[in-house]
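Hello,

Here is the structure you asked to look through. Please open it first and then read the notes below.

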Amino acid sequence: MSAVKDFWMFMKERKKFWLAPVIIVFLLLGFAIAFASTSSAGAFVYTLF
């Protein structure tokens, strides 16, 4: 949790709030790929790309 707090403080101090949506999209794509590789929902990922 410390890394999240440090990242938030970095964005707050340097006014880099545009980074938040980019990080959220990367995390969502990572979870989708991890979900598809561990289950039989591989076709789900093919519809994204």
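**What was found**

The chain has 3 helices and 0 strands. This is a predicted model, and the values below were computed from it. Read from the N terminus, the elements run α-α-α.

**Surface**

The chain has 49 residues, and 10% of them count as buried. Its accessible surface comes to about 4400 Å². Carbon and sulfur atoms account for 74% of that surface.

Part of the surface is a nonpolar patch of about 960 Å². The residues that make the patch are Phe 7, Phe 10, Trp 18, Val 22, Ile 23, Val 25, Phe 26, Leu 27, Leu 29 and Phe 31. Which helix gives the most to this patch? It is α2, with 7 residues. Helix α1, residues 2-14, and helix α2, residues 19-38, each supply at least two residues.

Phe 7 is one of the patch residues, and it sits in helix α1. Its relative accessibility is 30%, so Phe 7 counts as partly exposed; the range for that class runs between 20% and 50%.

**The first helix and the loop after it**

Helix α1 has 13 residues. From its first C-alpha to its last it reaches 18 Å, close to the 18 Å expected at 1.5 Å a residue. In general, an α-helix has 3.6 residues a turn, so residues three or four places apart point the same way.

Just after α1 comes Lys 15, with a positive phi of about 55 degrees. Lys 15 lies in the loop between α1 and α2. Is Lys 15 buried or exposed? Lys 15 counts as exposed, because its relative accessibility is 63% and the cut-off for exposed is over 50%.

**An aromatic pair**

How many aromatic pairs does a search of the whole structure find? The search finds 1. The pair is formed by Trp 8 and Phe 17, with 5.8 Å from centre to centre. The planes of the two rings are 55 degrees apart, and the pair is tilted; it is not edge-to-face because that class needs over 60 degrees. Trp 8 is partly exposed, with a relative accessible area of 44%. Phe 17 is also partly exposed, at 41%.

Regards

Methods
Residues numbered from 1 in each chain as written. Predicted model: local features only at pLDDT ≥ 70, side-chain atom pairs only at ≥ 80, totals over all residues. Heavy atoms only, no water. Helix = DSSP H or I, 4+ residues; strand = E, 2+ residues; numbered from the N terminus. Buried < 20%, exposed > 50% of the residue type's maximum accessible area, 1.4 Å probe, protein only. Areas by Shrake-Rupley, 256 points an atom, 1.4 Å probe, with all protein chains shown as cover. Phe/Tyr/Trp six-rings, centres within 6.5 Å; stacked < 30°, edge-to-face > 60°. Patch = residues over 30% accessible without salt bridge, like charges linked within 9 Å, V, L, I, M, F, W, Y side chains within 5 Å. Salt bridge = Lys/Arg side-chain N within 4 Å of Asp/Glu carboxyl O. Expected span 1.5 Å × (residues − 1).
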